[in-house]
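This briefing concerns the protein chain displayed below. It covers helix packing, selected residues and backbone geometry, in that order.

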Amino acid sequence: MGSLPNILLVTIDQWRADCLGAFGNSLIQTPNLDKLAAEGTLFKAHHTQASPCAPSRACLLTGTYQHTNRVVFNGTPLDADLTNLALEARAGGYDPQLFGHTDTTIDPRTVNAADDPRLSTYEGPLPGFTVALELPEERESWYQWLQEKGYDISDREKFLKPEGKTPIPEGKGQTWPASIFSADETETAFVVEQVIEKIKTLPEPWFLHVSLYRPHPPFHVPAPFNDMYDPEEVPEPLPAGDISHPFLNTLTGLRFLDIPDNPIEVRQTRATYYGMVTEVDNQMGRLLEAISPVEDRTVVAVTSDHGEMLGDHTLFSKMGFHDQAFHIPLIIRSPQINGPKGQVIEEFTENVDIMPTLLDLANLPIPEQCQGRSLTPFLKEGKAPKWRDKTHWEFDYRVFANMIDLPLDECHLVVERTETTKLVKFGEYPAIYFDLENDPNEQNPLTDHPLMEEAIQSLNSWMPPFRKSELVNRLATPDGMITLSDPHSWDS
């Protein structure tokens, strides 16, 4: 057991890949994560396998694709028959500690009482973790920490939006004013402080999963990060392009976030998001400095659950199939491996690869369940034999079935992406093909192309039938567990 390394797995919520200096973004400031990439390995073509939060984390933490784990939305129960990273680490000698959230709904078949509170939330902890700090979306532990610092927390909403009294200068938008708390009092600062204090007394080898909520909305950030990026300097959002396809037409009509539809507000939101990313990077610097005394025996992996559209294609949030919602960063530093440092891997890697990679680096067995592959060969030699030349992700939209009048099992899409092509296959809608050499920004979705049938056959050969699941249409809600009903009604 003494040979086990420490493991630090950090997920930074809703962080898209191009918002990282090491990725080539010359505007955004992420010096701490850039330094980590220089000391380790940056996987530049890394993708998540599902969205939103609970489906993406189910893939990450079980090493399985959505068509296998069948977690299709926030609140879909995770099948207790599936093992996961925490359970495997525990079986291997660790006491895995969770700081933050994993957005896991418990399998109702393992619960005795129908009114068990765990059946009314999608924000439960993954089985196998010792919960060192629970920070769900309600953020109560953060509010109590702020109260200890002298804040009146009777009106919690004021902490979730920009300060409302500061006049907004010309050229700035509604997310520009700073938050009412300081840069060392953010949710991220709170979590990092708890981790640092825990490490001081934690026996080695330890296993920590630190799940940071930001830069997930709401869009606001304290000074100086709120004014760090000029809205005029952030990249122009991509236009919508052709949205005549029924799925794109429906998606564009859904407003997942309340962002005013005008250029100044969109650009300000992008600038504010950049500031949020830099704020998180600032706190990551604290965390990485805290583990520096043991970094020679500590594996560090930093990734995200999914990206953020940020106004591209006129969309916000992370629904759909566009790269901006599924292309995310991955940085791994493993000092135990005497491989090249600062390398950038161009091959496609996936969040389903993280569980087998961390188990492999700890010399623990990789369950047959895992559908990803260990990235250790890249860490050792910068390459891996017979690696994938395409990547896949899925998005299930059955909770919107009542809006589009489709059978539940038809509300699903799967993407196969190569370096030059992208196929989106739907349950009931026509498939979409993108020629990325001529249309890199996905402005022209094609329903007919000479290579389209070949791509469909390739996708069909990759994807097996859906794993049968009696849980796929169950959903945890504040009123308890409900069952989604075909075609578009909910029965409790």
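At what angle do the axes of helix 1 (residues 31-39) and helix 8 (residues 263-290) cross? They cross at roughly 50° and come within 7 Å. The model is predicted: local features require pLDDT of at least 70 and side-chain atom pairs count only at pLDDT 80 or more, whereas totals for chains, interfaces and linings use all residues. Residues are numbered from 1 along each chain as its sequence is written, and side-chain values use heavy atoms, with hydrogens and water left out.

**Helix pairs involving helix 8**

- Helices (H or I, at least four residues) and strands (E, at least two) are DSSP runs, numbered from the N terminus.
- Axes are lines fitted to C-alpha atoms, for helices over the stretch in contact, and angles run from 0 to 180 degrees between N-to-C directions.
- Helix 1 and helix 8 are oblique to each other; angles under 35 degrees count as roughly parallel, over 145 as roughly antiparallel, 65 to 115 as roughly perpendicular and the rest as oblique.
- On the helix 1 side, the contact (heavy atoms within 4.5 Å) is made by P31, N32, L33 and L36; helix 8 contributes D281, N282, M284, G285 and L288.
- By class, this contact of helix 1 with helix 8 comprises 5 nonpolar, 3 polar and 1 charged residues. Here Ala, Val, Leu, Ile, Met, Phe, Trp, Tyr, Cys and Pro count as nonpolar, Asp, Glu, Lys and Arg as charged, and the others, Gly among them, as polar.
- The axes of helix 6 and helix 8 come within 10 Å and cross at roughly 5°, which makes helix 6 roughly parallel to helix 8.
- The contact of helix 6 with helix 8 has 7 nonpolar, 2 polar and 3 charged residues.

- In helix 5 (residues 140-148), the buried residues are W142, Y143, W145 and L146. Buried means under 20% relative accessible area, exposed over 50%, and partly exposed in between (1.4 Å probe, protein chains only).
- These residues cover an arc of only 160° around the axis, which puts them on the same side of helix 5; the arc is that of the directions from the helix axis to the C-beta atoms.
- Helix 6 (187-201) is included in what covers the buried residues of helix 5.
- G150, with a positive phi near 105°, follows helix 5.
- Helix 13 (residues 452-462) has M452, A455, I456 and L459 as its buried residues. Seen down the axis of helix 13, they fall within an arc of 100°, so they line one face of the helix.
- An α-helix has 3.6 residues a turn, so residues three or four places apart point the same way.
- The buried residues of helix 13 pack against strand 9, strand 10 (412-417), strand 11 (421-426) and strand 12 (432-435).
- Exposed residues E454 and S461 are carried on the face of helix 13 turned away from its buried side.

**Individual residues and their surroundings**

- T391 belongs to strand 9 (residues 391-396) and counts as buried at 0% relative accessibility.
- The side chain of T391 makes a polar contact with the side chain of E350 at 2.8 Å. A polar contact is a pair of N or O atoms within 3.5 Å; within protein, one must be able to donate a hydrogen and the other to accept it, and residues adjacent in sequence count only if both atoms are side-chain atoms.
- Apart from neighbours within four places in sequence, T391 is in contact with H47, Q49, F348, E350, V415, E416 and R417.
- R57, in helix 2 (residues 53-62), is buried at 1% relative accessibility.
- Not counting residues up to four places away in sequence, R57 touches T11, D13, H101, T102, D103, H209, S211 and D305.
- E295 is placed in the loop between helix 8 and strand 6 (298-303) and is partly exposed, with a relative accessible area of 30%.

**Backbone geometry in loops**

- The peptide bond from P217 to P218 is cis, with omega near 15°, and P218 is in the loop between strand 5 (207-212) and helix 7 (246-253).
- The peptide bond from A223 to P224 is cis, with omega near 5°; P224 is found in the loop between strand 5 and helix 7.
- L310 is a residue other than glycine with a positive phi, near 55°; at 1% relative accessibility L310 counts as buried.
- N363 is not a glycine, yet has a positive phi of about 60°; at 66% relative accessibility N363 counts as exposed.
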